[in-house]
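Please read the following report alongside the sequence and the model. It takes up selected residues and the packing of the helices in turn.

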Amino acid sequence: MLRNGSSGDEVRQLQDDLALLGFDPGPIDGAFGPKTAAAVIAFQESIDALGADGIVGPKTAAALERRVAPKRTAQRLAGGKADDAGGDETASSGEASTTPM
């Protein structure tokens, strides 16, 4: 269970996951402080089945993992860059080339 005052690698991963999902946890520093707590609460509020208490217990952790896993996969496939635009990866490569005949 992670909560305000927790610290370490698990908190750093939590912060990274929250940021990947668009919830600003403040600096990714492994310290669970007020900004990380606010990001956890915002995430919890975005999920109907979760109570928003700012504590990352089993239900919050599972919901977070379900939402972040596809983004991590997309990030790896894109060479380590997150596609925060939410668009189709090929759409950003530009228009198809047309050559006049």
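## Asp 17 and its surroundings

Leaving aside neighbours within four places in sequence, Asp 17 is in contact (heavy atoms within 4.5 Å) with Leu 64, Val 68 and Arg 72. Asp 17 belongs to helix H1, where helices (H or I, at least four residues) and strands (E, at least two) are DSSP runs numbered from the N terminus. The residue is buried, its relative accessible area being 6%; buried stands for under 20% relative accessible area, exposed for over 50%, and partly exposed for what lies in between, with a 1.4 Å probe and protein chains only.

The side chain of Asp 17 also makes a polar contact with the side chain of Arg 72, at 3.0 Å. A polar contact is a pair of N or O atoms within 3.5 Å; within protein, one must be able to donate a hydrogen and the other to accept it, and residues adjacent in sequence count only if both atoms are side-chain atoms.

## Basis of the model

This is a predicted model, in which local features need pLDDT of at least 70 and side-chain atom pairs count only at pLDDT 80 or more, while totals for chains, interfaces and linings use all residues. Residues are numbered from 1 along each chain as its sequence is written, and side-chain values use heavy atoms, with hydrogens and water left out.

## The chain as a whole

The secondary structure of the protein chain comes to three helices and zero strands, and the order of its elements from the N terminus on is α-α-α. Of the 101 residues of the protein chain, 30% count as buried. Among the contacts in the protein chain with a separation of 6 or more, 36% are accounted for by residues 24 or more positions apart.

## H1 against H3

Helix H3 covers residues 58-77, and H1 packs with H3 at an angle of about 75 degrees, the axes being 10 Å apart. Axes are lines fitted to C-alpha atoms, for helices over the stretch in contact, and angles run from 0 to 180 degrees between N-to-C directions. H1 and H3 are therefore roughly perpendicular to each other, given that angles under 35 degrees count as roughly parallel, over 145 as roughly antiparallel, 65 to 115 as roughly perpendicular and the rest as oblique.

On the H1 side, Gln 13, Leu 14, Asp 17, Leu 18 and Leu 20 meet Leu 64, Val 68, Lys 71, Arg 72 and Gln 75 of H3. By class, the contact of H1 with H3 has five nonpolar, two polar and three charged residues; Ala, Val, Leu, Ile, Met, Phe, Trp, Tyr, Cys and Pro count as nonpolar, Asp, Glu, Lys and Arg as charged, and the others, Gly among them, as polar.

## H1 against H2

The axes of H1 (residues 9-20) and H2 (residues 34-45) come within 11 Å and cross at roughly 50 degrees, and H1 and H2 are therefore oblique to each other. From H1, Leu 14, Gln 15 and Leu 18 meet Thr 36, Ala 39, Val 40 and Phe 43 in H2. By class, the contact of H1 with H2 has five nonpolar, two polar and no charged residues.

## The segment before H1

Ser 6 lies in the segment before H1 and is buried, with a relative accessible area of 18%. Not counting residues up to four places away in sequence, Ser 6 touches Met 1, Val 11, Gly 30, Ala 31 and Phe 32.

Arg 3 is also found in the segment before H1, but Arg 3 is partly exposed, with a relative accessible area of 40%. Leaving aside neighbours within four places in sequence, Arg 3 is in contact with Phe 32 and Ile 55.
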